[in-house]
Amino acid sequence: MMLAGFFFLLLLTDGASSVGNCSYQAVLKHLDLTRNNQLFYMSRPVDNHTKTTHVFLDVKLYAILDIKEKDQQFVPYVWITMEWHNDYIYWDPDQFCSIKSVSVPSEVMWKPDITIEEMTERDKAPPSPYLIITNNGTVKVANDQVLVSTCTMETYKFPFDIQRCTLTFTSIVHSVLCFSSVKELELKPFVNSAEATEDSREVMRTQSEWLFISMNVSNKSIEMDGFNQSFVIYTITMKRRSALYVVNFLLPILFFLCLDLVSFLISDSGGEKLSFKVTVLLAVTVMQLILNEILPSSSDKIPLVAIYCIGMFAMMMLSLVETIVVMYLIEKDSASQDDNEHIGLDVNCGDSPANFLNCLEVNKRRHNESSCSDSIGEMPSELRSVDKEDSDCQLKNESSEKLSGEAVRTLILLLNSMKAEGKKPGYWTRMTKIINKVFLGFYVTAAGLFLLCIFVGWTKEQD
């Protein structure tokens, strides 16, 4: 009976002990993991200093917030997870009610000094206050960050460009050893490139004007005299959504070219054609100013879109120069014709029939007066009389009026026919028509070849 009671008391004691080990505090007490225990956070957690600490990195791209071409900055939102092994952490889950992981404050554990080389501005959000430890000694920490990093922009094929921005992770303190050949820390990617790309596509929230293509993962080490540094490089490949730039920028400039081409139908005699071409040229200049605000000034090569704008501007400027030359030649031809036109009348009769009739009436009166005076002067003085003079002058005036009436009708018909047929073009006027035809052919051919070369450059696969 006493033996049975002893076994019952022993079972109660074991049960109470097992219930007490089912808390996280029991695990921490077993590990002696407190803020005062410097063993866990003062130095690299290895039982032998020659042992390398392997840090596994995993980066997921949650969003592409912004890409600033002018400042050459890449702003992503990423989730960074790191794992490494701590030699001083271990417990048996069976002794603690199958507890396999515990979250502890991050300041009580050692963490690797991982930095991003391209980062120019630290995230203002505080890091995660906790990390996770497992029963086999694995330590895991995860942080979400908005990174402001540098990225060399290749804008040669803007707006059909593909950008590749890198995030290079490395450790500064635990990689530079001047007096030892021990490799303290080594960075390794947690997943390969295909898995990293697929994971990022699944968690992607927003991409702004960019389309995420892939994420390439690679690691490398640089070894020199007394220098050993490990890197994990994530290369993020993105493609710009170009539809908005095509509609708002490329097509309007192409339409300006078409308007300049259609302006050849406008007459060269007036100033409307010249003012129209100047207006189109100024519109292209405004588009170039807008482009200058987008593209960085430190590009290695002139972007194709800048060549596109400059080419369009050059062709429109040549068209404007050709119009100025043609107008000058027409004006020169008109001036030479005015100098050679003389009508055999005493006064200028003008072009209209009314002006011509008034002019003819004045000339008729002058002719009659001179005829009468001549006939009177030729008669002998004794035969002259006032009545005779009046009758002779009246007869001459009547005959002159009849002849003048017939001449007026004939000249009016001749003048109307000249107006209907138009004046015969001069030499320079005929030359301007040839110049316009030749230049129009050259203009269309040059514009077509230029646009073809630009299109081929844009569609060519980027290296």
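Colleague: Where is Y41 found?
Modeller: This is a predicted model, numbered from 1 along each chain as its sequence is written, in which local features need pLDDT of at least 70, side-chain atom pairs need 80 or more, and totals for chains, interfaces and linings use all residues. Side-chain values use heavy atoms, without hydrogens or water. Helices (H or I, at least four residues) and strands (E, at least two) are DSSP runs, numbered from the N terminus. On that basis, Y41 sits in the loop between α2 (24-31) and β1 (53-68).

Colleague: Is Y41 buried, partly exposed or exposed?
Modeller: Buried means under 20% relative accessible area and exposed over 50%, with partly exposed in between (1.4 Å probe, protein chains only). Y41 has a relative accessible area of 27%, so the residue counts as partly exposed.

Colleague: Which residues is Y41 in contact with, leaving aside its neighbours within four places in sequence?
Modeller: Y41 and K111 are 70 residues apart along the chain, yet their C-alpha atoms are separated by 7.6 Å. Contact means heavy atoms within 4.5 Å. With those neighbours left out, the partners of Y41 are R35, E107, V108, M109 and W110.

Colleague: Which residues is E118 in contact with, leaving aside its neighbours within four places in sequence?
Modeller: E118 lies in the loop between β4 (114-116) and β5 (119-121). E118 is buried. Beyond those neighbours, E118 touches V148, S149, T150, T166, L167 and T168.

Colleague: How many salt bridges are there?
Modeller: Side chains of opposite charge can pair when their charged atoms come close. A salt bridge here is a side-chain nitrogen of Lys or Arg within 4 Å of a carboxyl oxygen of Asp or Glu. E118 has none. The count comes to 8.

Colleague: How far apart are the closest N and O atoms of K60 and D58?
Modeller: K60 is partly exposed at 21% relative accessibility. D58 is buried at 8%. They form a salt bridge, and those atoms are apart by 2.8 Å.

Colleague: E83 and K140 meet in a salt bridge; how many residues apart in sequence are the parts it ties together?
Modeller: The N to O distance is 3.4 Å. E83 lies in strand β2 and K140 in strand β7, so the pair ties together parts whose separation in sequence is 57 residues.

How values were computed
Lys and Arg count as positive and Asp and Glu as negative; His and the chain ends are not counted.
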